[in-house]
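Please read it alongside the model.

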Amino acid sequence: MDGNQLKKRISVAAKREPADTVIKNGKIIDVFNGEIIEGDLAIVDGYFAGIGEYEGHQVIDANGRYISPAFIEGHVHIESSMVTPTEFAKVLLPHGVTTAICDPHEIANVLGADGIQYMLDSSENLPFDFYFMLPSSVPATEFENSGATLNAQDLKPFYQQPRVLGLAEVMNFPAVLNAEDDMVEKILTAKCAGKKVDGHAAGLSAKDLNVYMSAGIRTDHESTTAEEAKERLRRGMYLMIREGTVAKDLLQLIPVVNERNARRCLFVTDDKHLDDLIHDGSIDHNVRLAIASGLPAITAIQMATINAAECFGLEDKGAIAPGYKADFILFDDLKTINITEVYKDGAAIVEDKKLVIEFQEPAVTETERLRSSVRYENLTENHFQIPLKTANANIIEIIPNSLITRHIIEKVETNKSGNFQVSIKDDQLKLAVIERHHLRKQIGLGIVKGLGLKSGAIATTIAHDSHNLIMAGTTDDDMVIAANAIKDMQGGLVVVNHGEVIAALELSIAGLMSDRPYQEVYSSLHEINLALNKLGANNNFNPFLTLSFLALPVIPELKLTDQGLFHVSKFKHIAIESI
């Protein structure tokens, strides 16, 4: 803002000249006092200039509808939507979300600093505000092979970018606990740059939270129980209440929120598939779910707006007030939050629930590996053999709609060669994670229970956090076919049945995102869901997103990396055989 713009804003506020736009006859949601107020809203140069009685060059009649600040997504991995930032914005805007705090952790684990730069460049100059937190843990642990390594010096130049707000979810708790040099340097570099530091406190005790807070980590989105949520609030953390595609924690956590602590709570989705974003929404879904659970509507709106803005130091966002950006939404009812219009910088961007502007895809300089990131040797059935000397095995058991898994021990069958034999009856399937970045010929094998496949195999290059190839199957030959199809596409999702690829979604950007319009990606996802039904997959959760988190070695209890079966609480690999 220059001097002339400031003078104009003051002049409009003082009623010496008319506003660009005036909104009349609306019920304004005051997020500061938790009240509904009335008055004209004066807008100039994309900012609110006053509330009261105003005249303007353009007058918009709100017709008695509620006027709320636009919603803010507090923590999200765009890559989980499988579309580019441009397409992601097109999906979120009709749901009233105009700002997102993003963590490019996924693409950074594949491409390193080049991945971060791609996300910054591809989200520039859009009618949507993308902010970024820099990935803190690439790789997430030393117990898997990722595509890149990022140290403090690699991250430091990015803090000069105004849309970079801080250091993203610090998930390597042992590195913080032991004050390891690189982790300390990462935190200090962010703090010295005046930036924020996000947490990732999955399974941490109250004593562990003391360590996080002492290190300057101020947020967490991994609470799954009310007691965990209370502990974080007691320690002074911002509580991020997550409702994504796999991790659905809102109903367990929302009873903790009350009039005394609500301003320390905000909403996030973390990881949400494109089809769920289209069907259910983004942060608007969290708001509706919270209201349906008994939370006062204005409290829920505070959490989706001003709380998130204050958490990240966005001083001109999250409120309908003079000096704040004119990002707002209109809706008829405080219970349903049925959003009809969305305004960005004072201009209508969604009318009658539909986008009314054209998007220009930002120009991006592509690096060589952006579209050639899937590399591994040709696989055969021999690569998937699991020799067993005992009748009992350590098995990963899926908990529906949770990132957490159970470690169970069950009796398993073996074939004549002494190798594990898949059991459809007992729902014991083969699981494999294959290093796909540097041709290291590393394959981790395990047994998974809970996917419910009756035939075939599924495979994807979306495998948090290192994003190696992960697959589960009932037969070795279908798993081989799936692996070959993934390599041919240079990443994506594949469903194979009886030796044939019956559905696929190509994700050619780092093996994580499609370069196609979101409508085409959505159509492919629909075909994949139909194919999963043919395999008999468990329909109580999203099989592919659940599969993608079975390789995440920072969330309890048992996971699989390309180096083998990993016990999270013991922080070490264990054998498949159980003695």
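1. A compact globule of 579 residues would have a radius of gyration near 25 Å, and the protein agrees with this, having 24 Å. The radius is taken over C-alpha atoms, and the globule rule is 2.2 Å times the number of residues to the power 0.38. Along the principal axes, the C-alpha trace spans about 90 × 45 × 45 Å.

2. This is a predicted model: local features need pLDDT of at least 70, side-chain atom pairs count only at pLDDT 80 or more, and totals for chains, interfaces and linings use all residues. Residues are numbered from 1 along each chain as its sequence is written, and side-chain values use heavy atoms, with hydrogens and water left out.

3. The protein has 17 helices and 32 strands, taken as DSSP runs (H or I, at least four residues, for helices; E, at least two, for strands) numbered from the N terminus. Among contacts (heavy atoms within 4.5 Å) between residues at least 6 apart in sequence, 70% join residues at least 24 apart.

4. Buried residues (under 20% relative accessible area, 1.4 Å probe, protein chains only) account for 62% of the 579 residues.

5. Leaving aside residues up to four places away in sequence, the contacts of M471 include F384, K430, I458 and L547.

Methods: Buried < 20%, exposed > 50% of the residue type's maximum accessible area, 1.4 Å probe, protein only.
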